[in-house]
Each structure stands twice: as structure tokens, then as C-alpha cells.
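My notes follow, in the order I looked things up.

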Amino acid sequence: MTDGTPPGSVVVVGAGQGGYQTAASLREYGYEGSITLISAEDALPYERPPLSKAYLRGEADEAQLWLRPATYYVRQSIDLVAGTVSEIDPAARTVCLTDGSVYGYDHLVLATGATPRTLDVPGTELRGVHTLRTARDAAALQSALAGARHAVVVGAGYIGLEFASVARESGVGVTVVEALDRPLSRVASARTAEHFTRLHRSKGTELLFGQGVTALHGNGRSGVTAVELADGGRRPADLVLVGVGVTPRTELAVAAGLPVSGGITVDSRLLTGDPHISAIGDCATFPQARSGNRRRLESVQNAVGHARAVAERLTGRPRAYDELPWFWSDQFSTTVQIAGLAEGHESEVVLGDDPDAFSVLRFYGKDLQAVESVNRPADHIAARRLLGRGTRLTPEGASAPGFSLKEYLRGSL
Ligand SMILES: Cc1cc2nc3c(=O)[nH]c(=O)nc-3n(C[C@H](O)[C@H](O)[C@H](O)COP(=O)(O)OP(=O)(O)OC[C@H]3O[C@@H](n4cnc5c(N)ncnc54)[C@H](O)[C@@H]3O)c2cc1C
């Protein structure tokens, strides 16, 4: 659609959080053309956050992960196709699947997500070595946990730490090995990282920082048995989770000649270099409305927000994407919720005296950029509203005795 007329047909590649939401929002906004949602996974579209939380703990079954039951797609005339797209032909406006079938599109949405990085060390092919991205990965991990005695988690990001908490709660011994000097270094403040370090250690988990993994040992019969560390030490392991981040799935875009740099490059409307192709969610880098910096984000909010913005554009309401990013993670009985993005932050103000319930307000100059709330959900809600409306708050204002985000929000309305 380049003239404001909705496209006659939309094809969405990838039926994860963003792909599903694109199809659902198109129908919600009154789109009447054909929608084809192509899924490489042998499952109805489902949400991933429970894979490292309730589902891994055995508190949710697969059907509870589904974003919608099968009948929804039939009722909404969304053609859910099982298959993997192997090629885009931008000139002919077609996609080709590995089984040879071809689908034409007026508009194409790439929602291909990301794939876990692996370790470049000997032994990663051993049985017992896992990554966690799909429901199938989670089911394999769940059954491996049932018979495990000692798990080693490589990488102290959110997925590694969430898995570590579930493993520990199931009585498994856990060692977390992180190359950097603290957990969550890319995504959270030192104060929040320190809290999670203390929490995991208090539950009996060993956390090693500034430590690399050089090899995984074992054999074909036993599977993995030990992890070798860069300092020469070893840890026993009958289960290894590699949680060292993801790589965006850009291969289709690269082959189609679309601009790609650390993700599929899109403009503020989430359009690639081709006016008939959008890209959203984990696979896309987009310009942040607030800072102008290009970012690729990995969160449900980001995938859903992108999907809705594309669906609005395709139904005649184009807008620049400028939603406030937010995120959450659950570990043991602790929830951290983050509103906004701290980019080159310069100062912090901590609210709350309780070491297990506090909020870290992160500022760039005089401007509030992000708020991390640990077990303080009311702060998170207030922070989303404050940041979303662009309400001014300075470090001096937030440091005033008795300052409360909720009261400040109320006063600013
Ligand atoms: C274990 C886990 C826990 C998480 N927890 C949280 C959380 O607590 N909070 C939060 O905000 N976020 C969380 N996330 C992140 C969040 O789930 C992702 O950011 C979100 O799923 C991204 O949506 P997406 O549509 O971009 O990609 P995905 O949901 O990954 O979907 C991409 C889909 O595209 C398919 N695909 C790829 N290539 C092709 C192709 N060529 N043909 C057909 N299909 C293809 C893939 O198979 C996949 O099904 C978590 C992620 C994981 C893995």
C-alpha cells in the first residue's frame, strides 16, 4: 500500500508474538483482505515468556501457552500455514516455502524473531546441552530437569537466571557462569543486578562472574558430565543451558537484498527499504523516537507494539512508532519490571528502603529515561504513565524526602 488503499493480501512470515499480533490487529482494525500467517513451528502461535517460568515449572500446559485456540484463525479467516519460507522474490512479490509452494503478497511482514546463540567450544553437541527459545526446547528442558542433579547455566541474562531459579526450586544444584563482571549487564542497573546476585546466592546457587567456559565434557553414552572453565576449574553438569543471547533471523531479508545491520533495518513506520515489506519484533532494528538511536529490542511489548503500528498503517492510519518500551522478568518470588530504556544514563535515584523492594530511577542529564522496579508494581505503573506522557522529573525532584512516583504522577495530571 503506497497510496493509502489497504493491500489486497498480507503475508506474514513467522507466527510468534509479532506475527500473530499483526494478523489479529489487522482483523481488529477492519482489514478485509486475505491474511496468510506462515509458521515454521509445528504449533499454534504461542507466547514465549512462560517457557522459562510457569511452563518450565510444570504449572502450565502447552494449550495454556496458545495466544488463541485453533477456531479463532478459522473464524477470522486467517490462513495459518505450517511451513518455512525459503525465499522472497520482491520483484514478483511472492514468497516460496521449502515445500515448493508459493504465496503472492501485496504486503509482506517479516516477523521471523531470533535464534539462540551457541557456544564456540568443544562439546556443545553432547546430549544434555540445551538452548531455550521454543516450546519444544522448553519441553526438552522440563524433562531433563526431572532427572538432573547439577545444572550449569552459561550466561547470566534474563533467560539464564529465570531457568536457574526454576532449576533451583526443583532441587537441582545450579552454577551460573558469566563472562562479564555481573549479571544482566546489558539490560539492568548495577543495583538491580546486585539484588539478583544476592537472591540467587541466598537460594544456594553458585554464581561465577568474569569467567569463561572453554569446553563441555562427556561422551555419547553419558551425555554432558562437566563444564571446564577458563581458569582451569571444572563443574559437574548433567544439564547445561546456554543462555548467551540471540541472533536476529535476517537471512531472508539479506537474500532479498533488503538493508540489514544488526537486524532488518526499518524506518520509523517499520518499513524496510522496500515499500511492500515491513519487519517487526526481535528481527528488526528501528529508530527510537526519543533518542533517535537505532535499537533492536527483544520483548513482548516491542513485538506487539510494532505489529499494531504496522496493522494501523496497512488499514490507512500511518504513524511513526514511538511507544515506550517495557519489560518484566520473574525469578523465585521476585518480579522486576522495567519501563523505558537507559541509554548512556548518567545518574540514578533509588526509591525504597527495603533491600527486596525498590525502584531505580535512571537519568540522562535532567531527564528520566528508565525506571526498574523490583517488587514495586505500583512504581512500574506510575513510571509507564510518566515516561509515556513525557512528564518531566529531575534527579533533584526524585531525591526529595518522601518522594513517590504515584503521588508525583497524580500531581502532574
Ligand atoms: C524463554 C523466553 C522467555 C521470555 N520472557 C520474556 C518476558 O518475561 N518478558 C518479555 O517481554 N519478553 C520475554 N521474552 C521475549 C519475547 O518472547 C520475544 O521478544 C517475542 O517473542 C518476540 O516476538 P517475535 O514475533 O519478534 O519473534 P518470535 O516470537 O520468536 O517469533 C518468530 C517466529 O518466526 C518463525 N520463523 C522464523 N523464520 C521463519 C521462516 N523462514 N519461515 C516461517 N517462519 C519463520 C520462528 O520459527 C518463530 O516461530 C522471552 C523469550 C523467551 C525465548
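I count two strands as paired if DSSP finds at least two bridges between them. Helices (H or I, at least four residues) and strands (E, at least two) are DSSP runs, numbered from the N terminus.

Some housekeeping before I start. I number residues from 1 along each chain as its sequence is written. This is a predicted model, and local features need pLDDT of at least 70, side-chain atom pairs count only at pLDDT 80 or more, while totals for chains, interfaces and linings use all residues.

**Entry: the β4-β5-β6 sheet**

I looked up an open sheet of three strands and found the order β4-β5-β6, with antiparallel pairing. Its edge strands are β4 and β6 (102-104), each of which pairs on one side only. Direction ignored, neighbouring strands here are turned by 20° against each other on average. I take axes as lines fitted to C-alpha atoms, for helices over the stretch in contact, and angles run from 0 to 180 degrees between N-to-C directions.

How many bridges join β4 to β5? I get four, between β4 (residues 85-89) and β5 (residues 94-97), running antiparallel. V85 stands opposite L97 in β5. The hairpin of these two has four residues between the strands, and R93 takes a positive phi near 55° there.

**Entry: the other strands**

A second open sheet has three strands in the order β18-β20-β21, and its pairing is mixed. Here β18 (264-265) and β21 (294-295) are the edge strands, each pairing on one side only. Strand β20 (residues 284-287) runs antiparallel to β21 and is joined to β21 by two bridges. I noted F286 with R295 of β21 as its bridge partner.

Then I went to β22 and β23 (residues 334-340), which are antiparallel and joined by six bridges. F327 has I338 in β23 as its bridge partner. The two strands form a hairpin with two residues between them, and F332 in the turn has a positive phi of about 50°.

**Entry: domains**

I have three domains down: domain 1 (9-115 + 247-314), domain 2 (118-244) and domain 3 (333-412). The bounds come from an automatic or database domain assignment. Between domain 1 and domain 3, the C-alpha centres lie 32 Å apart.

**Entry: the ligand site**

Which residues come nearest to the ligand? Of the 36 residues around the ligand, those are G14, G16, G18, G113 and G281. My cut-off for near is a C-beta atom, placed from the backbone, within 6 Å of the molecule or strand. The elements giving two or more residues to the shell are α1 (17-28), β2 (34-39), α8 (300-314) and β22 (326-331). Domain 1 and domain 2 each supply at least three shell residues.

By type, the shell splits into 16 nonpolar, 14 polar and six charged residues. For that I count Ala, Val, Leu, Ile, Met, Phe, Trp, Tyr, Cys and Pro as nonpolar, Asp, Glu, Lys and Arg as charged, and the others, Gly among them, as polar.

**Entry: helix pairs**

I checked α1 against α8: they pack at about 35°, with axes 8 Å apart. The crossing is right-handed. A crossing is left-handed if the near helix is turned anticlockwise from the far one by less than a right angle, and right-handed if clockwise. Contact means C-beta atoms, placed from the backbone, within 7 Å. From α1, the residues include Q17, G18 and Q21, and they meet a set in α8 that includes V300, A303 and V304. This contact divides into eight nonpolar, six polar and one charged.

My last pair is α9 (residues 377-389) with α11 (residues 405-412), packed at about 35° with axes 8 Å apart. This crossing is left-handed. In the contact, α9 uses A378, D379, A382, A383, R385 and L386, and α11 uses L405, K406 and L409. I sorted these residues into six nonpolar, no polar and three charged.

Conventions
Two residues are in contact if their C-beta atoms, placed from the backbone, lie within 7 Å.
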